[in-house]
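Biologist: Please put the chain up, and then we can go through it by question and answer.

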Amino acid sequence: MSDQTVYAEALIGAVARAFYEDEHALLIDTMIRDKYLRDDDMGPRLSLPAKQLRRALQFLQDEQIVKFELVDDLREGGSQTTKYWYIDYNHAVNVIRLRIFLLKKKLEQSELRARSSSVYLCPGYKEKRCNGKYSETEAQQIVDTENGLFLCQECYNANESNPDAIPRDAYTLRLIDNTRDLRLAVDNARRVHVQLSGKIVGNQVLRPGIYELLQKV
C-alpha cells in the first residue's frame, strides 16, 4: 500500500469522525478496512437495521464519499444484481479538499462581515446635534491623543477652536455593540479549527490533523 493511500484513508476516516454521525464513521471505517461491501450483508455485519443502513449509505453517497457498483450475481449462482459499496479515494479526497476550502472561506467571510459591520455613533447623533455616524474606517480619522479614542469629526471641527467648546467626552464616538455576532463568528472559526487540527498528548498522536493530512495527499 502506497503512502498516498495510507494518508487518504487516514484523512477520510478523520473527516468522518470529526463531522459525521457514529454510524457514518463506522461504515467508512469498515469500507476502508474491507474495500468493498455487499449491499445485502452489511446490515448483519454492522448490526444496523436495513432502513438505517440505507439511509446512512444514501447520506454518504450524497456527500460524495462513497460509491457503488452493480454486480450481476446470477453468474455465480446468486438470485439478483447486487450493489457493492466502496470509497473512490481520489474522488473523496478532492471532495474533502474543496469542502474544507469552502468552509474556511465561509468562516473568514463571516468574521470579516462581523468586524466590518462595526458602527460608531457620536452622543450628539442621538441628540440630533450632528450627523456623527461612522464606519470603523471612517471613525479612525480623528483620534484623541490623550486616550486614543475616536472623535466625531463634525463635532471636533465645531468645537476645537470654540472658547465655549463642549467636553470631548460629549463627542467621543461609542461603538455600537456587535460583540455577539463577532463572538459567534470567532467561536465558530475556533471550533472548526479544533476539529481540523490534530490532538497530541506527550509524544502520542490521539487524533491526526485534517490540515496536516491534506498536505500529504
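This is a predicted model: local features need pLDDT of at least 70, side-chain atom pairs count only at pLDDT 80 or more; totals for chains, interfaces and linings use all residues.

Modeller: Residues are numbered from 1 along each chain as its sequence is written, and side-chain values use heavy atoms, with hydrogens and water left out.

Biologist: What share of the residues is buried?

Modeller: Buried means under 20% relative accessible area, exposed over 50%, and partly exposed in between, with a 1.4 Å probe and protein chains only. Among the 217 residues of the chain, the buried share is 32%.

Biologist: How many helices and strands are there?

Modeller: Both are DSSP runs numbered from the N terminus: helices are H or I with at least four residues, strands are E with at least two. By that count the chain has ten helices and eight strands.

Biologist: In what order do the three strands of the open sheet lie?

Modeller: Two strands pair if DSSP finds at least two bridges between them. β1 and β3 (residues 81-86) run antiparallel and are joined by two bridges, with arginine 38 partnered by tyrosine 84 of β3. β2 and β3 are also antiparallel, over six bridges, and aspartate 72 has threonine 81 of β3 as its bridge partner. The order is β1-β3-β2.

Biologist: Which strands stand at the edges of that sheet, and why is one side of each left without a neighbour?

Modeller: The sheet is open, and its pairing is antiparallel. Each edge strand has a single partner strand, so one side of it has no neighbour in the sheet; the two are β1 (37-38) and β2 (67-72).

Biologist: Which residues touch the most other members of the largest nonpolar core?

Modeller: A nonpolar core is a set of buried Ala, Val, Leu, Ile, Met, Phe, Trp, Tyr and Cys residues joined through side-chain atoms within 4.5 Å. The largest has 35 residues, and those touching the most other members are Ile12, Leu27, Ile28 and Ile87. Elements that give two or more residues to this core include α1 (3-19), α2 (22-34) and α5 (89-116).

Biologist: With which residues is isoleucine 87 in contact, leaving aside neighbours within four places in sequence?

Modeller: Contact means heavy atoms within 4.5 Å. On that basis isoleucine 87 is in contact with Ile12, Ile28, Met31, Ile32, Lys35, Ile65, Val66 and Ala92.

Biologist: How far is the nearest cysteine sulfur from that of cysteine 130?

Modeller: A disulfide is a pair of cysteine sulfur atoms within 2.5 Å, and the structure holds zero of them. Cysteine 130 counts as buried because its relative accessibility is 7%, and cysteine 155 does so at 5%. The nearest sulfur to that of cysteine 130 belongs to cysteine 155, at 3.7 Å.

Biologist: With which side chain does the side chain of glutamate 63 make a polar contact?

Modeller: A polar contact is a pair of N or O atoms within 3.5 Å; within protein, one must be able to donate a hydrogen and the other to accept it, and residues adjacent in sequence count only if both atoms are side-chain atoms. Glutamate 63 lies in the loop between α4 and β2. Not counting residues up to four places away in sequence, glutamate 63 touches Tyr20, Val95 and Arg99. Its side-chain polar contact, at 2.8 Å, is with tyrosine 20.

Biologist: Which backbone oxygen does the side chain of serine 197 reach?

Modeller: Serine 197 sits in the loop between α9 and β7 (199-201) and is buried, at 15% relative accessible area. At 2.7 Å, its side chain reaches the backbone oxygen of histidine 193.

Biologist: What is the phi of lysine 128?

Modeller: Lysine 128 lies in the loop between α6 (123-126) and β5 (133-135). Lysine 128 is exposed, with a relative accessible area of 77%. Its phi is positive, although the residue is not glycine, and is near 65°.
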